[in-house]
Amino acid sequence: MEALKGVRILDMTHVQAGPTCSQLLAWMGADVIKFEPPHGDATRGQLRDVPNADSLYFTMLNCNKRSITVNMKSAEGRQVFVDLVKICDIVMENFGPGVLDRLGFTWHKIHEINPKIVMGSIKGFGSSGPYADFKAYENVAQAMGGAMSTTGMPDGPPFVTGAQIGDSGTGLHLAIGLLAALHQANRTGQGQYVEVAMMDGVMNLCRVKFRDHQRLTRQTLPEYSVPTSQGMGDVPRAGNDSGGGQLGNAIHCKPHGANDWLYVVVQEAVWEGLANRIGGEGLVKDPRFAKIADRRKNQNEMWKLITDFAKGYTKREFMAILNPLDVPCGPIMSTEDLATDEHIRGRDMWVELDHPQRGKWWNVGMPIKLSASPAKIERSPTLGEHTDEVLKEVLKYDENKINSLKQAGAFSASPKKAA
Ligand SMILES: CC(C)(COP(=O)(O)OP(=O)(O)OC[C@H]1O[C@@H](n2cnc3c(N)ncnc32)[C@H](O)[C@@H]1OP(=O)(O)O)[C@@H](O)C(=O)NCCC(=O)NCCS
């Protein structure tokens, strides 16, 4: 049985941060009802690659959900919303600041309608503090949560990371909060409001940089390959340094293209074997690298020696040399490498799906593996595909009621006047 079977979610989320959370919950078996405005989640039409088909932006973040369109700017649409709130376990949204309040639905109001419901909200900066009124997208959160100032090289511009830590990372945080609050609601009968700010989520993911921030008040950061000094204040960008207690770096390999790199961690325990393989007895005995403190101090020379050795090998060949020495390492894998990787396919992390508008396409699979409840990945819904089904089966509305709601414009963009 699916782990979240029987949990019903009213999912008002849009774009990436919210949908990434509700998709995970759907993959764990929740009945996720994607509640869309009549024109749909804006991402359905963004970055389209197939004319008139839902974009990959939408399809890759909205699998296993049912779609219902409701016009919340009509009184009838708001009544449908209220009826759903009464029978759902979770309601979730990631609108801009104040949007739900303007529609008349504060957390206080929603809690009044259904005291057991758990409400999840993602905001750029949360509902309190000087930034509360600002909207946010991925890179705004990366900029303001500490990720950009610590990514890149010290003498170059700050960089965003490709991993969507602001959006998808915040969605993961929300999923944890929702499941905890749901567990509590099941014991106490009382729901609660779960808020995750994207800025907070990014800061949480930058936790080790704040470790270094405080260390700088007392010392330099000897493991950094770039210069640091006690009291310098800001944690510097440090390229591809490992960020942990062990030294690490990306090593360029043959044929020296954009992704011909191997990330190598020179773990303390493996230095002797590694040194012996790349430089023989002379390097093992070299005092510049004898102890980890020496290797930290002289790490740029050490990386140069390793890079010189790697020049004759591809990243996979170099990896094959390092694996028997127990050196932790991994090739920098391109999207094409991953999409064709046997390991990834074997773990259902690149999954082929079919879609009525776009035909065959691929999604990244479910990264959380439950032994008794494996995810069964199904395509995303077309806009309003399940409106009638939800009205009949979930809300138990009869034909007459559905027709009069339709006439009143509860599900359409421009409310029609009743004849
Ligand atoms: C992402 C974001 C910047 C997009 O901004 P936006 O496109 O202007 O959308 P908003 O969420 O501010 O507003 C949505 C509008 O649609 C309307 N709407 C939403 N659902 C509706 C429905 N079912 N029926 C009718 N109208 C609806 C809202 O009432 C609102 O209209 P208003 O501006 O008149 O109040 C913003 O939603 C945001 O900051 N979200 C929180 C942070 C976040 O999640 N960001 C990451 C996104 S990946």
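**Strands, helices and the ligand shell**

Modeller: In β8, Trp-261 is the bridge partner of His-252. This is a predicted model, in which local features need pLDDT of at least 70 and side-chain atom pairs count only at pLDDT 80 or more, while totals for chains, interfaces and linings use all residues. Residues are numbered from 1 along each chain as its sequence is written.

Biologist: How many bridges join β7 to β8?

Modeller: Strands here are DSSP runs of E with at least two residues, helices are runs of H or I with at least four residues, and both are numbered from the N terminus. Two strands pair if DSSP finds at least two bridges between them. β7 and β8 run antiparallel, and the number of bridges that join them is six.

Biologist: Which residue in β9 is the bridge partner of Val-264?

Modeller: Strand β8, residues 261–266, pairs with β9 in the antiparallel sense over three bridges. Leu-262 has Pro-331 in β9 as its bridge partner, and for Val-264 the bridge partner in β9 is Cys-329.

Biologist: In what order do the six strands of the parallel sheet stand?

Modeller: The six strands form an open sheet, and the pairing is parallel. Its edge strands, each pairing on one side only, are β3 (65–69) and β6 (193–197). Read across the sheet, the order is β3-β2-β1-β4-β5-β6.

Biologist: At about what angle to β5 does helix α7 run?

Modeller: Axes are lines fitted to C-alpha atoms, for helices over the stretch in contact (C-beta atoms, placed from the backbone, within 7 Å). Angles run from 0 to 180 degrees between N-to-C directions. Helix α1 (residues 17–27) lies across β1, β2, β3, β4 and β5 and runs at about 150° to β4. Helix α7 (residues 168–188) lies across β4, β5 and β6, and its angle to β5 is about 160°.

Biologist: What separation lies between the centres of domain 1 and domain 2?

Modeller: Domain bounds come from an automatic or database domain assignment. Domain 1 covers 8–205 + 340–407, and domain 2 covers 247–327. Taken over C-alpha atoms, their centres are separated by 44 Å.

Biologist: Which residues come nearest to the ligand?

Modeller: A residue is near a molecule if its C-beta atom, placed from the backbone, lies within 6 Å of it. α4 (99–102) and β5 each supply at least two residues of the shell. Of the 21 residues around the ligand, those that come nearest are Val-15, Pro-37, Asn-94, Gly-96 and Lys-135.

Biologist: Why is Val-140 classed as partly exposed?

Modeller: Val-140 has its place in helix α6 (residues 138–144). A residue is buried if 20 or more other C-beta atoms, placed from the backbone, lie within 10 Å of its own, exposed if 12 or fewer, and partly exposed in between. Val-140 is partly exposed because the number of other C-beta atoms within 10 Å is 18.

How values were computed: Contact = placed C-beta atoms within 7 Å.
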